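Biologist: I would like to learn how to read a structure like this one feature at a time. Could we go through it together, with the general idea first and the particular case after?

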Amino acid sequence: MLLTIEPDGPVPIYQQIRDRLVEAIADGEQTAGSALPSTRQLATDLGINFHTVNKSYDILRQEGLVRINRKSGAVVQRDAASGAPEPGYVDAWAARLRTLLAEAVAQGVGAEEIVAHCRSTVAAFAGAGESGAGESGVKESGPGKPGAEDGGHHS
C-alpha cells in the first residue's frame with residue numbers, strides 16, 4: 001500500500017492518513033481482515049511522530065473501519081463487502097456531505113459539475129459498482145486519489 005501525505009499541506013497529517021486509508025479500503029486495496037502497518041512502522045516510513053499515526057488509527061477505530069488489538073495490531077474491520085453500515089451512519093454521513101456540497105455551491109461550482117464529480121469519484125472505487133453508481137467504469141486519478149500529489153511523502 002502506497003500512502004501519500006503532504007506534511008506542509010493545509011490538512012492535518014493525522015487526517016490525511018485517515019483519509020488515505022479510507023480510500024484504500026474503498027478502492028479494495030485494504031480488505032476486511034488485512035493488517036495495517038504498526039503505528040511505529042508507519043510513522044518511521046513517513047518520518048512523523050507515531051502519536052500522529054495512533055490518532056489516525058483511533059479515528060478509524062471509532063468509525064468502525066479498523067479493529068485494534070494489542071497482539072495483532074490494527075486490522076481492517078469492514079469494507080464495501082461487509083454489508084450494510086451501522087444504524088445511523090448514513091444520516092451522519094449525509095450531514096457531512098451537505099456541508100461539503102455547500103462549500104462547492106458557495107464557491108460557485110454548478111450543480112451539474114458537482115454531480116459529475118460525485119459520479120466519477122464513486123465510480124473510481126472498487127466496491128461502488130454494486131449500488132448502481134459508477135456505471136461507466138471509468139477509473140480516474142487526480143487530487144484526492146492516493147499518489148496524485150507531487151512532493152508528498154510516500155509509504
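Biologist: Let me begin with a ring and a charge: which residue lies over the face of Y14, and at what distance from the ring centre?

Modeller: Please keep in mind that this is a predicted model. The residue over the face of Y14 is K55, at 4.0 Å from the ring centre. A second case involves R40, which lies over the face of F50, also at 4.0 Å from the ring centre.

Biologist: Before we go into the helices, how many helices and strands does the protein chain have, and in what order do the elements run?

Modeller: The protein chain has 5 helices and 4 strands, and from the N terminus on its elements run β-α-α-α-β-β-α-α-β. Of the 155 residues in the chain, 28% are buried. Among the contacts with a separation of 6 or more, 58% come from residues 24 or more positions apart.

Biologist: Which residues are buried in helix 3, and why do they line one face?

Modeller: The buried residues of helix 3 are V53, S56, Y57, I59 and L60. Seen down the axis of helix 3, they fall within an arc of 155 degrees, so they line one face of the helix. Their packing partners are helix 1 (13-26), helix 2 (39-46), strand 2 (66-69) and strand 3 (73-76), whereas H51 and Q62, on the other side of helix 3, are exposed.

Biologist: What can be said about the length of helix 3, and what is found at its start?

Modeller: Helix 3 spans residues 50-62, which is 13 residues, and it reaches 18 Å from its first C-alpha to its last, close to the 18 Å expected at 1.5 Å a residue. At its start, a side-chain oxygen of N49 comes to within 2.7 Å of the backbone nitrogen of H51. Helix 3 is followed by G64, whose phi is positive, near 80 degrees.

Biologist: Turning to a loop, is Q30 buried or exposed?

Modeller: Q30 lies in the loop between helix 1 and helix 2, and because its relative accessibility is 10%, Q30 counts as buried. Its side chain is joined to that of S34 by a polar contact of 3.1 Å. Leaving aside residues up to four places away in sequence, Q30 touches several others, including M1, A24, L36 and D79.

Biologist: Finally, where is V115 placed?

Modeller: V115 belongs to helix 5 (residues 111-124), and with a relative accessible area of 40% it is partly exposed.

Conventions: Residues numbered from 1 in each chain as written. Predicted model: local features only at pLDDT ≥ 70, side-chain atom pairs only at ≥ 80, totals over all residues. Heavy atoms only, no water. Helix = DSSP H or I, 4+ residues; strand = E, 2+ residues; numbered from the N terminus. Expected span 1.5 Å × (residues − 1). Buried < 20%, exposed > 50% of the residue type's maximum accessible area, 1.4 Å probe, protein only. Arc of directions from axis to C-beta. Contact = heavy atoms within 4.5 Å. Polar contact = N/O pair within 3.5 Å; in protein donor to acceptor, adjacent residues only side chain to side chain. Lys NZ or Arg CZ within 6 Å of the ring centre and 35° of its normal.
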